[in-house]
Amino acid sequence: MSGLSVAHRVALAALIEQAPDATLTKLSSAAVALPGARALELGDMLAEEVLDRNRRRLVLAPLLPMFSPRADGVEAMTFPPAVLPRLWKAGSTREPALLPRLDTEGVDAAAVADRICLAAAAACRDRPDLIWPVDLEPERRERGLADLAACLDLAHLARRGLPSIEVWLKRPDGDQIAELRLLIKDCAEIHLDGAQRVLEMLFSHLEDAVLILRIITQSSCSSGREGFLSASELSGFVERLIAGVDARVARIGAFRPGSDLANVDAVIEDLTWCANVLSELDVTLTLNPLSVWGKSVRDARVSIAGQLSAFLRAADRAVDKALPLERVQISGRMTRKSPQLTAPIQGETVQAVRHLLKLVGAVRGPASIFGAESDRKNLVESLTARLTDYADQALVIVNDGEATDEVNALRLVELAARCLDLIDARDAARTVRRRAAVAGAGKGGSKPSSRAA
């Protein structure tokens, strides 16, 4: 059987180049099992692409995360993803004889990687159209090329620092801090803004954006003081974090428990993120309460604290709506409140209580940071007692044979147990379920599972 034609190879090469790494690995495994000459050629093409990407990943490791936006949305120095393969091709073709030396780890491979990065930096300056087409994000092309070339100039120093990131984030000793400061100094000697650029590269490797503050404050004896940091080129990192907090505060403030409960997970994530950032700012920086940064942080705290209180009140009301009580006559004119066991076990009110109680259970950490933990704890204790009492009364009615719809009644009891789970009252939830498991047994009739709801 004939092999692939030139047209086939060109088309396949274009497709393979666009395939994500995970897809490429799966395709390589699948191609091995296929029969025929064409499958063998396809397998070779895939293997060559995998090898090429492994080399690219090693060489451009210091800059690789910068070719995609941060997952947390915090502003960062980034470059278009389409530039990455162009940059690699321009740098690697200048040193083709050295590429096989990248396949074994060690000092030799690192030296070759640094040399290719310098070749790629030269290509950015000498052949910019080859690296960054004129029609690709033209508004930031010129600045982006300059940033990219400068970062490549510093890639060998950033590569030296990458293994130490975890150490700098924890409790570095004197020697490790000196290593960081020497790295910053070496970068500043290569470029006037080299310190900021190498920190941008380290920043891109941090999933949690606020951790960059720990590295910044270790980079100088004075970096922990707001006055020094706000006047330096490193102030941009703090400003980005505060801007991220402000954006999330606006989203939290726009959330309405009655209308967009589907977004409650995003609200929980935003509350947690803001709590982590603001607590880290308190630990790493000494903020002046009258400064711009200090006022922004204070305003964010006040706003989030108010929103948390509103969410707690909404959750309290949601329980009453999803598990309503009704007045029943005891004797004569005497009445008492009793579970309304004909209430629906599906619908907006049920979804609302589940989402809001999930928020109550999930924001224990943020509530502590924003001064609302006492209110949250009181609400949890109150709801635990109310939900347990509701379930007890409902089960008594079921056991007495007074429930008009026993199936619905037991499902409401299970809903109460789920609500207890959501606010972390798991012991109470287990007790409710154990009692529900034998409820109605005295009637001798069939009974649905307590988990059927």
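**Helix packing, burial and cysteines**

Student: Is the crossing of α15 and α16 left-handed or right-handed?
Tutor: The model is predicted, with pLDDT of at least 70 needed for local features and 80 or more for side-chain atom pairs, while totals for chains, interfaces and linings use all residues. Residues are numbered from 1 along each chain as its sequence is written, and side-chain values use heavy atoms, without hydrogens or water. A crossing is left-handed if the near helix is turned anticlockwise from the far one by less than a right angle, right-handed if clockwise. For α15 and α16, the crossing is left-handed.

Student: At what angle do α15 and α16 pack?
Tutor: Helices are DSSP runs (H or I, at least four residues), strands likewise (E, at least two), numbered from the N terminus. Axes are lines fitted to C-alpha atoms, for helices over the stretch in contact, and angles run from 0 to 180 degrees between N-to-C directions. The axes of α15 (264-284) and α16 (292-322) lie 11 Å apart, and the angle is about 145°.

Student: Which residues of α16 meet α15?
Tutor: Contact means heavy atoms within 4.5 Å. From α15 come V267, L271, C274, L278, S279, L281 and D282; in α16 they meet V297, A300, R301, I304, L308 and F311.

Student: How many nonpolar residues does that contact have?
Tutor: Ala, Val, Leu, Ile, Met, Phe, Trp, Tyr, Cys and Pro count as nonpolar; Asp, Glu, Lys and Arg as charged; the others, Gly among them, as polar. The contact of α15 with α16 has one polar and two charged residues, and its nonpolar residues number ten.

Student: Which residues of α10 are buried?
Tutor: Buried means under 20% relative accessible area, exposed over 50%, partly exposed in between (1.4 Å probe, protein chains only). Cover over the buried residues of α10 includes α8, α9, α11 and α12. The buried residues are I177, L180, L183, I184, D186 and C187.

Student: How many disulfides does a search of the whole structure find?
Tutor: The C151 sulfur has its closest cysteine sulfur in C187, too far for a bond. Across the whole structure, the number found is zero.

Student: What is the relative accessibility of A82?
Tutor: A82 sits in the loop between α3 (37-59) and α4 (83-92). A82 counts as partly exposed because its relative accessibility is 40%.

Notes
Disulfide = S-S within 2.5 Å.
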